[in-house]
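Reader: I am new to this structure. Please take one part of the chain, look at it closely, and then follow where it leads.

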Amino acid sequence: MLKLNLVAKDKNSKARAGWFETDHGVVETPIFMPVGTQGSVKAVNQFYLEKEIKAQIVLSNTYHLYLRPGTEILEDAGGLHRFMNWQKPILTDSGGYQVFSLTELRKLKEDGVEFRSHLDGSKHFFTPEKVIQIQRSIGSDIMMVLDECAPYPCDYEYAKKSVQLTSNWAILNKKAFSESEPKYGHKQFLFGIIQGSIYKDLRKKSAEDLLELDFDSYAIGGLAVGEPTELMYELVDYTTDLMPENRPRYLMGVGRPENILESVTLGVDMFDCVMPTRNARNANVFTWNGTLSMRNAKYKDDFKPLDENCGCYTCRNFTRAYLRHLFVAEELLALELASVHNLYFYLELVRKAREKIIDGTFNEWKNQIVKQISIKN
């Protein structure tokens, strides 16, 4: 298993601080994983990612890497770590979410899912076994099982069948993992994904099925797909109670800064989301005093940093006026500087949460910070 070594627990909530170790390094939790879908965090180079943003682990995507550059190139390169020159941990999601989002281009079957590439329309078939094989070729430190992410909304019967399919595939994922070996000399871990849509009894069944298979750890999937935020929190709270205490708990695809802090309160340790980089490319930046829209004319002669409380490369060196100018002029540097800032903010957010859990002031701090960062300027 992938052991979570607990350092501290908050006395007023389920928040906890800990760490786990992979062959590519230690990860301190709670942690946010920048999304590098295709082996690259969009608009951010690896030097900034490591030295400035201080990312401890990044996420890449099995579906995208399988289609391009393909497993043959990745194997020739010696795995994704070498290919992208990133020597810290990597988590790969299974590609299931991407495949299932191709509603018009995929066909679900008992033994896997048939889909057409969004790049060229070519036909492919993902089975649980194939997804394990691809992730062996990628060489990620943490691999995810192939599951079905049910859409929202969906009725109970659909969700029930979906959970059963995910459980059936989990058995095949685990078997394929147990019967194969890592390709590059470092250990790989496999996480199961708890599904069940908005139905608590199905979440419970999914968790029980997966725990019986004893995966290295577990994730919560199928949330942040359109359901009301308060319902998401209720389901996260319910599901973390079903998950092992001594392994990291991963909430997939979440979310806004306030979503992350509330989910830390509910016992989650790991997060990923495209939001910090996607929003940055659209001129929206996160600060400790709310979000800023950098195309807004009021910043054209504002010579303050994006956030006076931020120590990132962008805030140390450039002003709001300059960032606005870059966006208005459609200069590529705007995308990089805003992305570096947003990712730094997200990583600083979870670092501070960890610090507050350890010193025993997390809940009070969280309640105050959530109000501040939710303001739109």
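Author: In this predicted model, P153 is placed in the loop between β10 (142-144) and α7 (156-178). The peptide bond that joins Y152 to P153 is cis, with an omega of about -5 degrees. In general, most peptide bonds are trans.

Y152 leads on to a pocket. Together with Y97, F100, S101, T103, R106, C149, A150, P151, Y158 and V225, Y152 lines the second largest pocket. The volume of this pocket is about 170 Å³. Sorted by class, its lining consists of 8 nonpolar, 2 polar and 1 charged residues. Helix α5 gives the most to this lining, with 3 residues.

The elements that give two or more residues to the lining of the largest pocket are β5 (58-61), α5 (96-101), α9 (229-240) and α11 (275-281). Of these, α11 has the largest share, with 5 residues. By class, the lining of the largest pocket has 16 nonpolar, 18 polar and 8 charged residues.

Back to the backbone. Another cis peptide bond joins T29 and P30, with an omega of about 0 degrees. P30 lies in the loop between β3 (25-29) and β4 (31-33). The loop between β4 and α1 (46-52) holds A43. A43 is not a glycine, yet its phi is positive, at about 70 degrees. Most residues other than glycine have a negative phi.

One last part is a pair of helices. Two packed helices are described by the angle between their axes and the distance between the axes. For α14 (residues 333-359) and α15 (residues 362-373), the angle is about 155 degrees and the axes are 9 Å apart. An angle over 145 degrees counts as roughly antiparallel, so α14 is roughly antiparallel to α15. The crossing of α14 past α15 is right-handed. On the α14 side the contact is made by F345, L349, K352, A353, K356 and I357, and on the α15 side by F362, W365, I369 and I373. By class, this contact has 8 nonpolar, no polar and 2 charged residues.

Definitions and conventions. Residues are numbered from 1 along each chain as its sequence is written. This is a predicted model: local features need pLDDT of at least 70, side-chain atom pairs count only at pLDDT 80 or more; totals for chains, interfaces and linings use all residues. Side-chain values use heavy atoms; hydrogens and water are left out. Helices (H or I, at least four residues) and strands (E, at least two) are DSSP runs, numbered from the N terminus. Ala, Val, Leu, Ile, Met, Phe, Trp, Tyr, Cys and Pro count as nonpolar, Asp, Glu, Lys and Arg as charged, and the others, Gly among them, as polar. On a 1 Å grid over the protein atoms alone, a cavity is a set of points where a 1.4 Å probe fits but cannot get out, and a pocket is an open set with protein on both sides within 12 Å along at least five of seven lines; lining residues have an atom within 4 Å of a point. Grid points are joined across faces, edges and corners, and a volume is the space filled by probe spheres set on the points. Axes are lines fitted to C-alpha atoms, for helices over the stretch in contact, and angles run from 0 to 180 degrees between N-to-C directions. Angles under 35 degrees count as roughly parallel, over 145 as roughly antiparallel, 65 to 115 as roughly perpendicular and the rest as oblique. A crossing is left-handed if the near helix is turned anticlockwise from the far one by less than a right angle, and right-handed if clockwise. Contact means heavy atoms within 4.5 Å.
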